[in-house]
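Colleague: Can you walk me through this model? I have the sequence open and want the main features.
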Amino acid sequence: MIELDKVSYGYGGTALFSQLSLTLAPGSFHFLTGPSGAGKTTLLRLCYADLRATAGKVRIFGQDAASLDRDAVAMSRRRIGVVHQDCQFLDHLSIAENIALPLTVSGREQEVSGNLQELLNWVGLGPQANQLPPQLSGGERQRAALARAVIVSPEIIIADEPTGNVDWEMSQRLLSLLVELNKMGKTILIATHDLAMIRSMKADVSARVLRLKDGQLMQAGSEL
Amino acid sequence: MRAFLELIVGDQQADRAVPPTGMTARLTVFVAAVMAFLAIIALAVSLTTTRVANVWAEELAQSATLRLPADPATADALLLSALDVLDTTPGISRVRALSSDEQKALLEPWFGPDLPIESLPVPQLIEIVADGDGYDIEGLRARLSAQVPGAILDDHTAWRAPLVEAASRVRVIGWFVILLIGATVAAMITLAAQASLAANVQVIRVLRLVGAKDVYIARAFVRRYTLRAGGGAVVGAILGVLALQFMPQGDASGSLLMGVGFEGGDWLWPILIPLLSAIVAFFATRAAAFARLREQT
């Protein structure tokens, strides 16, 4: 679904990583770990064409990301749900409207009424539906971001530190939601530096854990 | 055109995606109103000048003046000869010798009402009005030269040509002013739209993240600025038309400053100005929005 083939990325003359390869097969579950500044977020952004690789090929749903025009990038993002650490909401819209945003921007407003309430209940935000994003706690915002990422039923969900701002209990709840989505056939890629969280999930999901360090991507080993 | 109509109908969801901007909105409406007001005044002056100049030029083109030498000894004989020549010239519909009182009235602005015109050697004037086809001016001059020595025929060419040229210049300047106003509206809308786009970088980023195409994002900004410019221009055009009602009214053929305003088909302009303002805003915002979006991932 997404394939990075000998991809390099750098800026200001400095290479963040080079010759990096990764394949996200349909239905797979990947954790991406590594120290801060290793390039985890950059790698994720390459996966949803938010950045262009300086060398190598990124293929998204079989298409070379470098050849995608802006409309094609927008269309591919309707098949990829993205959860950011800082969530990124439109603060003047209610949580319900924010979650429904991927449907409304893609002209599928008629699906909102059916999906939205069910999704709000799934992430436990039914009572907060009409509140504005700044009125929600960190955990609630993360759950809302997850709901927004999945409302269009994307094939891939990419989450960048989805549990970064929440307590242990909430992080477990969020990860359970992601595992549940994976069991529904969704491909999941999560960037996190929280190894304890990964350990806690090992029993629930068959996940591949990758470590990005010093510009190299490798299979994580003994630290887990 | 389809895009423009879709824009007027609007997309409520796309509109809501971009937060309202108070000061930029008010400034856009204000500037659009001022520009429409100025455009209405410039157009009214330009159209009125053209209209009045046309009336004057037409009247002058149909008439001529024959001036006889101011010699009391030969005045009556010259007048009879001149009238005889003019009466027998094809293409002249009316000939009239100005009375002493009429000539006195013509001189009054310069010499006052007490001018003893009877005791002064004032040339006799004869008004000549041509019919539709006109007359052979050179042929008439030749006959007058032979039969009325010293008579001077003035066909008003010397007056008419600069008048027509002046009117033409005023018309050109009027259109140039309209163009400048249009360019100013476009520049102002572009700046306002760019400011709004810059202030909403995060909004645009979120919309792109969830799969919004550029046209969806641009539409929200374009619709907003098009309606603001159009609405402001409607107010400005109404105020402009109202302001014209305060100009001195009178016979427009009498003075350039009398009766400045619109007549007949000219009244389309107060309707067209807001529409043109909205069209300018539509294209200016659209260009600014797409340029800005291309810079952003």
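Modeller: Start with the open sheet of four strands in chain A, ordered S2-S1-S4-S5 with antiparallel pairing. Strands here are DSSP E runs of at least two residues, helices are H or I runs of at least four, and both are numbered from the N terminus. Two strands pair if DSSP finds at least two bridges between them. This is a predicted model: local features need pLDDT of at least 70, side-chain atom pairs count only at pLDDT 80 or more, and totals for chains, interfaces and linings use all residues. Residues are numbered from 1 along each chain as its sequence is written, chains are lettered from A and ligands numbered from 1 in the order in which they are written, and side-chain values use heavy atoms, with hydrogens and water left out.

Colleague: Which are the edge strands there?
Modeller: Strand S2 (14-24) and strand S5 (63-64) of chain A, each pairing on one side only.

Colleague: How many bridges hold S5(A) to S4(A)?
Modeller: Two, in the antiparallel sense, with S4 covering residues 55-60 of chain A. A:Ile60 has A:Gln63 as its bridge partner in S5(A).

Colleague: And which helix lies across S1, S2 and S4 of chain A?
Modeller: Helix H1 (residues 40-47) of chain A, running at about 125° to S1(A). Axes are lines fitted to C-alpha atoms, for helices over the stretch in contact, and angles run from 0 to 180 degrees between N-to-C directions. Contact means heavy atoms within 4.5 Å.

Colleague: Next, the sheet of six strands in chain A. What is its order?
Modeller: S6-S7-S8-S3-S9-S10, an open sheet with mixed pairing. Strand S6 (80-83) and strand S10 (216-219) of chain A are at the edges with a single partner strand each, so one side of each has no neighbour in the sheet. On average, neighbouring strands of this sheet are turned by 20° against each other, direction ignored.

Colleague: In which sense do S7 and S8 of chain A pair, parallel or antiparallel?
Modeller: Parallel, over five bridges between residues 156-160 and residues 187-191 of chain A. A:Ala159 has A:Ile190 as its bridge partner in S8(A). Helix H6 (residues 168-183) of chain A packs on the sheet and touches S3 (29-33), S7 and S8 of chain A. The direction of H6 makes about 150° with that of S8(A).

Colleague: What does S9(A) do?
Modeller: S9 (residues 208-213) of chain A runs parallel to S3(A), joined by four bridges. S9(A) also pairs with S10(A), in the antiparallel sense, over four bridges.

Colleague: Which residue in the S9(A)-S10(A) hairpin takes a positive phi?
Modeller: A:Asp214, near 55°. That hairpin has two residues between the strands.

Colleague: Switching to the interface. What area is buried between chain B and chain A?
Modeller: About 2200 Å², with carbon and sulfur atoms giving 54%. Buried area is the accessible area (1.4 Å probe) that two parts lose on being put together, summed over both. The contact takes 22 residues from chain B and 24 residues from chain A.

Colleague: How many cavities turn up?
Modeller: Three of 30 Å³ or more in the whole structure. On a 1 Å grid over the protein atoms alone, a cavity is a set of points where a 1.4 Å probe fits but cannot get out; a pocket is an open set with protein on both sides within 12 Å along at least five of seven lines; lining residues have an atom within 4 Å of a point. The largest cavity has a volume of about 80 Å³. Its lining includes B:Leu209 and B:Val210. S6(A) gives the largest share, three residues.

Colleague: And what is the volume of the largest pocket?
Modeller: About 490 Å³. Of the 17 lining residues, the closest to the centre are B:Thr65, B:Leu98, B:Leu106, B:Leu125 and B:His156. A volume is the space filled by probe spheres set on grid points, which are joined across faces, edges and corners.
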